[in-house]
Amino acid sequence: MLNPRTHTDKYPESYYAATVAYQLALPSLQGTVTTEICVIGAGFSGINTALELAERGYKVSVLEAYKVGWGASGRNGGQLIRGIGHGTDQFRNEIGEQGVSAIDQMGLEAVEVVKARIAKYQINCDLVMGYCDLAHKPRHLQAFRDDKAWLDSIGYGYETRLLDKADMHEVVGSDNYIGGLIDMGSGHVHPLNLNLGEAQGALDNGVSIYEHSAVIDIEYGAQIVVKTAHGQITCDRLIICGNAYVAGLNETLESQVLPAGSYVIATEPLSDDLAKRVLPQNMAVCDQRVALDYYRLSADNRLLFGGLCNYSGRDPRSIEATLKPHMDLVFPYLKDVKIEFQWGGMIGIGANRMPQIGRLKENVYFAQAYSGHGINATHMAAKVIAEHISGETDRMEIFERIRHMRFPGGRKLRSPLLAAGMLYHRAKDLF
Ligand SMILES: Cc1cc2nc3c(=O)[nH]c(=O)nc-3n(C[C@H](O)[C@H](O)[C@H](O)COP(=O)(O)OP(=O)(O)OC[C@H]3O[C@@H](n4cnc5c(N)ncnc54)[C@H](O)[C@@H]3O)c2cc1C
């Protein structure tokens with residue numbers, strides 16, 4: 001059950017919804033349609049899978065319960081950060097050295113896929129390159145040193161630089177951090193406009209997209225029948241991209257992904273001087289805690305400040321009242337700045353923090369559980385699924401070799417169990 005405080009059948013009243021650059025007039029599904037491939041979900045995963053397949057000549061239809069980008073894709077922090085999964089080393093036993101290395105490389109390729117898509121379809125989504133990881137603790141700095149050493153060893157093509165506490169004001173106007181790692185190969189975007197621009201690209205390639213067409217039943221078989229309230233699509237292949245909103249579609253997928261609420265506030269536009277004080281190089285930044293702060297400037301100089309991580313299934317009564325104190329801790333001098341937008345969405349968390357990409361059956365694919373780090377990984381998931389269907393590569397099989405735990409407890413108990421686990425990790429962050 002979605003919380004009406006952040007989820008209705010419209011876009012949330014976010015900064016993104018207030019600044020959409022694309023008006024797509026899309027129908028809902030009525031009657032019977034036959035196609036080669038049906039995709040469920042019109043976030044980054046679904047739209048990009050459809051687009052990749054259409055570019056390869058397949059006939060594709062997309063079914064979306066609400067609107068393109070209604071889910072996490074149109075609500076997120078907009079941070080386009082390299083990497084897939086959290087700590088690929090832990091999967092060495094399952095996928096071997098080559099598998100780990102392939103996923104690490106895909107974590108870099110993914111950003112290039114996004115950039116190429118923006119360039120090819122001339123998507124108006126405020127792409128800015130430049131990102132900095134922020135450290136609160138010495139162990140964060142050690143992780144940055146290791147990361148930089150790895151990037152140097154593979155000849156990463158972008159500038160990276162370690163920062164000491166004394167350097168931090170080059171990047172962020174706050175005294176809260178003890179160091180950082182700049183990465184000019186990551187950056188930030190207006191995610192809803194990216195999603196909508198990609199949907200326009202998919203339409204231009206012949207994809208049919210149906211909004212307000214929630215899938216209510218799936219009949220599996222050699223021919224799959226996907227049913228909505230007013231129509232059905234018969235297809236040879238199905239790809240399920242519901243992510244944190246997948247509940248009710250498929251029990252296996254649902255049990256492997258936990259929805260966690262994350263929230264963003266947007267200030268009024270800051271003066272140029274103030275914006276330069278807050279984020280002097282207009283980079284996106286993230287700290288390294290479990291319930292992390294992530295923030296960046298919008299194209300019109302607002303500070304978009306994201307954070308909190310809510311596993312209880314209940315949204316805060318006031319997002320501003322809950323999140324603004326976190327922002328004030330980082331930037332005390334923004335205390336009197338007005339908050340003009342506040343919204344939230346659901347992140348899909350997997351137990352091992354590796355995106356789940358693969359097949360439920362020979363002709364039923366899925367991609368989900370990016371654990372808060374999905375803008376680039378969704379684009380890679382879309383690409384490897386399309387490559388698999390077209391027989392170009394078997395890169396998807398690397399992901400299929402990774403086992404994913406089901407969260408115990410059924411729909412009602414899963415979130416409280418995880419909430420307890422996260423409290424433990426948050427306490428470890430504090431002490
Ligand atoms: C507040 C917030 C901040 C975040 N910040 C970042 C960030 O800065 N950087 C980053 O990389 N990642 C971030 N993420 C994560 C990122 O947004 C997601 O990983 C990514 O958007 C997932 O895309 P998706 O297409 O798989 O899922 P979604 O975008 O959630 O799309 C799933 C879609 O499936 C549809 N659907 C579900 N069930 C059905 C059904 N039965 N019938 C039809 N349609 C259905 C839904 O309506 C929805 O539109 C953030 C997420 C949130 C919520």
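Biologist: What ground rules apply to the model and its numbering?

Modeller: Residues are numbered from 1 along each chain as its sequence is written. The model is predicted, so local features need pLDDT of at least 70 and side-chain atom pairs count only at pLDDT 80 or more, while totals for chains, interfaces and linings use all residues.

Biologist: How many helices and strands are in the protein chain?

Modeller: The protein chain has eleven helices and 17 strands. Both are DSSP runs, numbered from the N terminus: helices are H or I with at least four residues, strands are E with at least two.

Biologist: What makes the chain as compact as a globular protein of its length?

Modeller: Its radius of gyration, taken over C-alpha atoms, is set against the globule rule, 2.2 Å times the number of residues to the power 0.38. For 431 residues the rule gives 22 Å, and the chain has 21 Å. The values are close, so the chain is as compact as a globular protein of that length. Along the principal axes, the C-alpha trace spans about 60 × 45 × 45 Å.

Biologist: Why is V207 called buried?

Modeller: A residue is buried if 20 or more other C-beta atoms lie within 10 Å of its own, exposed if 12 or fewer, and partly exposed in between; the C-beta atoms are placed from the backbone. V207 has 23 C-beta neighbours inside 10 Å, so V207 counts as buried. In the whole chain of 431 residues, 50% count as buried.

Biologist: Where is V207, and what does V207 touch?

Modeller: V207 sits in the loop between α5 (191–204) and β7 (208–210). Contact means C-beta atoms, placed from the backbone, within 7 Å. Not counting residues up to four places away in sequence, V207 touches A50, L51, A54, V60, V62 and A202. V207 and L53 are 154 residues apart along the chain, with C-alpha atoms separated by 9.2 Å.

Biologist: Why is α5 called largely enclosed?

Modeller: Twelve of its 14 residues are buried, so α5 is largely enclosed by the rest of the structure. Among the buried ones are P191, L194 and A202. Their cover includes α1 (15–18), α2, α3 (92–120), β7 and α9. After α5 comes G206, with a positive phi near 95 degrees.

Biologist: Why is N124 called partly exposed?

Modeller: N124 has 14 other C-beta atoms within 10 Å, so N124 falls in the partly exposed class. N124 lies in the loop between α3 and β4 (128–135). Leaving out residues up to four places away in sequence, N124 touches A21, N193 and G197.

Biologist: Which residues touch the most others in the largest nonpolar core?

Modeller: A nonpolar core is a set of buried Ala, Val, Leu, Ile, Met, Phe, Trp, Tyr and Cys residues joined through C-beta atoms within 7 Å. The largest core has 123 residues, and A50, V62 and I385 touch the most other members. Its largest share, nine residues, comes from α9.

Biologist: Which residues come nearest to the ligand?

Modeller: A residue is near a molecule if its C-beta atom, placed from the backbone, lies within 6 Å of it. Of the 45 residues around the ligand, G41, G43, G71, G77 and G374 come nearest. The largest share of the shell, four residues, comes from β15.

Definitions and conventions
Contact = placed C-beta atoms within 7 Å.
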